[in-house]
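Morning, everyone. Let me put the structure up.

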Amino acid sequence: MNPSEFTEEEQGRYDRQIRLWGIEAQQRMRNATILVVKLKGTATETIKNIVLAGIGKLILVDADDVEEEDLGAGFFFCDDDVGKKRVDAAKARIENLNPLVTVEVVPNFDVLNNQNFESTVNGVDLVCITDWDSDDLVRLNNICRRSQKPFYAGGTYGLLGYIFCDLLDHKYISPDRSSPKDAQKNVQMKASYPSLQDALRHRWSALSKRQTKELNPASIFAVLSLWKFQSSRKRLPNGTQDAQDLQQMADALVSDADVNKQVLTTVPHDLIESVALTAPHEFSPICAVVGGLLAQDILKTLAAREPPIANFLTFDGNTGGASVCRLSMPTTSL
Amino acid sequence: MSTAPGRTKHAEAILGPKLHSRLSQTKVLVVGAGGIGCELLKTIVLTGFTQITLLDLDTIDLSNLNRQFLFRTKDVKKPKSITAARAASSFNPNAKITPIFGNIKDEEYDVNWFKGFGVVLNALDNLDARRHVNKMCMAAGVPLVESGTAGYLGQVQPLVKDATECFDCIPKPTPKSFPVCTIRSTPSQPIHCIVWSKSYLMGQLFGTDEEAGAGTSELDEAEKNGENAEEIAKLRQEARSFARVRAAIRSYNVNSPEDPAKIAFEKVFKADIENLLSMSDMWKHRAPPVPLDYDTIINGSFVGVDSSQALNGTTGASGQTNGSKVVMKDQKKLTLKENLELFVSSVHSLSARLSSNEVQTIEFDKDDEDTLDFVTAASNLRSAAYGIEGKSKWEVKEMAGNIIPAIATTNAIIAGLIVLQALNLLRASLSSPSPSASASSSSQDAIHDPGTQPKVDYSSLRNVHIQIKPSVPLSSVKLSSPNPNCGICRDTYTLVNCDRTRTTLRDIVHGVLGWSKQKANGNSQLNGQGNDVADNDEEGDREISVYEDKRILADPDWDDNLDRTLESLNVGRGKFISIVHEDGAWETVQVGIGELPPTHPPNADPYILPSPLPKLVKKPKSKQSVPPSTPPPRTSLKRSLPVDNDNDDVLVIDDGENDGKKAGARDTNGEPAAKKAKMSNDGAGNTKNSANATGLTSPSKKRKLEEDGLVMMDGPGEGGMDEDEDVIIIDED
């Protein structure tokens with residue numbers, strides 16, 4: 001197939017989205033290979049969306065078997081799949097979403113070992129790791145940086161969700177929204193992303209009260225405290241008995257990050273309590289929102305159109321709101 | 001079918017056992033199985049709702065497959081509702097999904113039917129159906145979660161009567177429209193030529209005789225509005241002289257002595273333009289068009305107006321793909337000669353269909369290649385004559401078909417947010433003191449009277465928007481209170497179940513207002529002179545008018561219809577009879593018309609009045625009405641993301657009315673003489689003017705008149721999308 005020509009089927013299938021992002025963006029998506037690690041609810045939604053959009057190839061890695069609980073948000077599985085490898089159960093259903101996309105599955109986590117991961121990453125255009133612990137995200141992100149591959153992490157903890165991305169030096173086209181509406185031109189933009197490791201050292205000192213408040217820091221620190229908890233205990237909190245420890249970790253993080261004290265000195269206890277109870281659980285509507293936002297951002301990055309997330313998004317399912325905090329990331333330059 | 005018990009473990013942990021157990025007891029109506037609908041169905045099934053009704057009137061198209069993930073290539077042309085229900089059932093064997101392949105505006109989906117649901121979730125793509133569902137939910141007292149998407153943007157809004165704004169509390173923008181003369185004689189933008197081809201020329205050549213005639217009737221309106229009389233006369237003459245072209249089209253075959261394409265071309269691109277040019281005054285201040293010439297275009301020697309864009313027509317890519325090597329065939333701009341050739345071939349194809357009697361008429365359909373070719377070619381030829389930039393077939397399809405870009409991600413996000421708001425609604429009703437807060441079990445009258453409503457705390461509900469702002473991609477704001485002047489949710493709703501063949505308008509109106517109890521029932525032979533309504537005015541509030549939708553059925557000076565049956569007045573099941581108080585002191589009473597239960601005794605009255613009768617609600621002091629159909633320019637985007645979108649439907653350009661294909665509308669063509677009689681008595685103009693002059697005591701009345709086209713511009717060819725459109729049109733199919 002001539003890479004610069006779209007078939008009738010592609011034109012028909014992708015008509016409504018090409019009208020949004022243009023044929024060139026579609027072309028870039030079609031040429032992209034995406035690595036997705038772990039197939040839980042967030043990945044299920046993300047994969048559905050990027051496969052429908054028409055990426056070239058998906059490589060999906062998960063070593064685990066389908067559990068009964070996975071049926072709650074995992075619509076690639078059915079009852080009969082319980083006990084099978086997740087990736088084996090899902091493969092045909094993913095392929096079925098869009099016959100134009102190639103799907104490759106890897107039923108073990110060996111590729112995540114340092115050496116394997118580097119060579120795997122070199123063969124793909126973008127890496128997306130879901131529902132994973134933060135220590136390992138730091139490690140995998142660093143490997144991606146060495147290979148200059150854009151990196152996404154995303155996941156949900158009960159009603160909370162997050163997306164982190166490290167897109168290195170990312171160039172993209174975006175309408176200049178600062179100019180008058182009738183004279184908007186597309187301009188080339190560039191953004192420099194920090195690693196996850198550096199992002200986690202972010203201090204909030206520069207933000208005003210209003211700027212701090214807008215970012216909904218409580219939900220950000222709720223997620224960061226879960227990462228801390230998981231790092232020290234090697235597990236997620238799973239009940240109110242963990243709430244107190246989680247609260248202490250959250251408040252220490254808030255204090256260390258020098259968050260504007262008029263806005264937040266302590267993460268509200270009812271939020272901590274609900275997070276301590278629900279963190280190990282996933283919920284379809286939350287996965288739909290986070291997986292939708294995550295997939296959309298991956299597509300924007302591939303297309304090099306529109307500004308991607310910069311660089312840490314949290315979603316709060318209690319309100320339906322999402323905010324994006326620039327963790328150790330300077331503002332975008334032209 | 002049994003399913004793994006662990007399936008619901010996560011959801012139960014997150015929702016708590018009380019709310020979780022409520023899911024399977026709540027009947028959910030999902031309206032729409034398109035982009036939002038497929039995502040929504042998946043998410044509600046996985047969340048744990050098990051009693052689901054899914055309604056959609058559409059069938060699957062190839063262009064749906066990039067986002068409507070329950071559908072496959074092999075499903076194209078099958079009903080969306082049935083296909084989606086089957087596919088989503090596999091996500092949770094506990095779920096029972098009842099698909100309906102139908103129109104939400106059909107009469108069986110009346111107020112009683114809506115009352116059977118605990119919550120309604122809208123996944124619609126057009127304003128008309130949204131407004132309809134909003135009104136039905138307000139009437140039935142069922143909470144509604146409204147939604148819409150367009151491209152990267154979208155929004156979700158929970159609506160509860162008396163507690164929050166309703167969909168119509170904030171006016172929605174009406175589609176942009178163009179003056180008749182801009183379309184017919186002085187186009188200056190590509191869209192003007194596209195509207196002309198699609199709405200005018202298509203009808204003149206391939207439509208019914210009446211459609212061809214309509215080309216002159218819109219001119220009557222224009223003349224009334226004081227547009228140039230001489231110009232109108234020319235246009236009228238032009239519209240009348242299509243007979244020869246129509247005849248050639250309908251007798252076309254390959255051996256035809258007369259080529260209908262050439263005859264049509266000579267008329268519309270040469271003779272008609274020469275005719276307009278003869279009015280030299282018109283072209284004093286604007287560049288005159290240049291008549292096109294068939295033979296010189298074919299041989300390449302034609303010299304026209306603006307040679308840069310329109311005529312040389314470089315075959316570069318268009319718009320955003322400028323400079324790119326990646327081009328789809330339809331994105332190439334055609335040269336003048338290519339446009340002429342396309343015009344000829346498309347006229348031949350369409351003529352062959354008509355002359356073979358395969359069909360009697362052909363309308364524009366963006367998915368019908370011949371009609372799209374015709375509109376592309378004809379609009380580009382007209383553009384060439386007027387020195388306007390040409391458009392590619394790809395662009396014309398979007399502009400003529402009102403296509404709104406749509407992607408899976410936005411729909412998935414919005415669907416997740418809809419379910420979260422639906423859960424907030426359920427949680428609120430759980431915590432209310434009344435155990436019967438579930439709308440499905442509330443009695444029909446309690447919901448209409450704020451006084452008797454259980455106090456439910458809806459403060460957790462949020463209006464959520466996807467927005468461009470990088471730091472807050474999902475904005476979540478508290479809901480606003482109802483607009484005190486809303487012409488929909490401030491009305492008082494009630495319901496009369498009746499046999500429409502035996503129930504008169506008087507039975508309904510007097511019965512609901514409680515007048516029938518007060519007076520002897522011996523005055524049923526009124527002959528138009530009677531002032532029954534006004535004469536019995538004992539309390540000073542009897543000056544009423546009665547409407548069905550926008551039709552006036554009675555007013556204080558005209559009660560001929562009171563003793564006619566609902567059936568003879570064509571007031572069907574599912575319709576509302578609106579009782580409007582002329583002095584403006586009371587809110588309008590909307591009487592939903594339902595069916596008698598099968599157990600109703602045959603010798604009893606053929607109707608069941610609500611018990612207790614609805615309490616009239618005093619209007620707020622302000623006389624400033626905000627009728628839903630008259631949007632002022634919108635300033636705040638935040639609150640009022642305009643939710644319109646008609647993806648597949650030609651919402652504007654056809655004629656502003658629904659074509660019945662989408663959830664849009666099924667117009668009652670058999671409209672009884674009621675309105676016409678009234679208008680001929682009184683004069684439509686008078687009615688309109690007096691309504692306006694008196695400052696509109698009744699929002700409903702003004703709205704009705706406006707919808708009727710008496711105030712607003714209406715008619716063929718007066719709408720379209722403009723490039724510099726500044727409203728965000730939100731929607732989703």
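Start at one pair. Lys469(B) makes a salt bridge to Glu214(A), and their closest N and O atoms sit 2.5 Å apart. Keep in mind that this is a predicted model.

That pair crosses between the chains. How many salt bridges does the rule find across the interface of chain B and chain A? Seven.

Which parts of chain B touch chain A? At least two residues each come from α1 (9-15), α3 (35-47), α17 (393-400), α18 (408-430), β7 (462-466) and β8 (474-478) of chain B. The largest share is from α18(B), with eleven residues. By class, that side of chain B has 35 nonpolar, 22 polar and 15 charged residues.

Now the totals for the contact. Chain B puts in 72 residues and chain A puts in 67. About 6000 Å² is buried between the two chains, and carbon and sulfur atoms give 62% of that area.

Next, chain B by itself. It has 23 helices and 14 strands. Of its 733 residues, 59% are buried. Take the contacts in chain B between residues at least 6 apart in sequence: 74% of them join residues at least 24 apart.

On to salt bridges. Over all chains, the search finds 57.

First slide. Arg19(A) pairs with Asp15(A), closest N and O atoms 2.8 Å apart. Both residues are buried. They are four residues apart in helix α1 (residues 8-30) of chain A, so about one helical turn separates them.

Next slide. Asp136(A) meets Arg139(A) at 2.7 Å, N to O. Both lie in helix α5 (residues 134-146) of chain A, three residues apart, about one turn. Asp136(A) is buried at 17% relative accessible area, while Arg139(A) is partly exposed at 26%.

Another one. Arg93(A) and Asp81(A) form a salt bridge at 3.0 Å, N to O. Arg93(A) is in helix α3 (residues 86-97) of chain A, and Asp81(A) is in the loop between β2 (57-61) and α3, so the pair ties together parts twelve residues apart in sequence. Arg93(A) is partly exposed, at 31%. Asp81(A) is buried, at 4%.

Last topic, cysteines. How many disulfides does the search of the whole structure find? Zero, over all chains. Cys165(A) is buried, at 0% relative accessibility. Cys181(B) is buried too, at 6%.

Terms used:
Residues numbered from 1 in each chain as written. Chains lettered and ligands numbered in written order. Predicted model: local features only at pLDDT ≥ 70, side-chain atom pairs only at ≥ 80, totals over all residues. Heavy atoms only, no water. Contact = heavy atoms within 4.5 Å. Buried area = accessible area lost by both parts, 1.4 Å probe. Salt bridge = Lys/Arg side-chain N within 4 Å of Asp/Glu carboxyl O. Nonpolar A, V, L, I, M, F, W, Y, C, P; charged D, E, K, R; others polar. Disulfide = S-S within 2.5 Å. Buried < 20%, exposed > 50% of the residue type's maximum accessible area, 1.4 Å probe, protein only.
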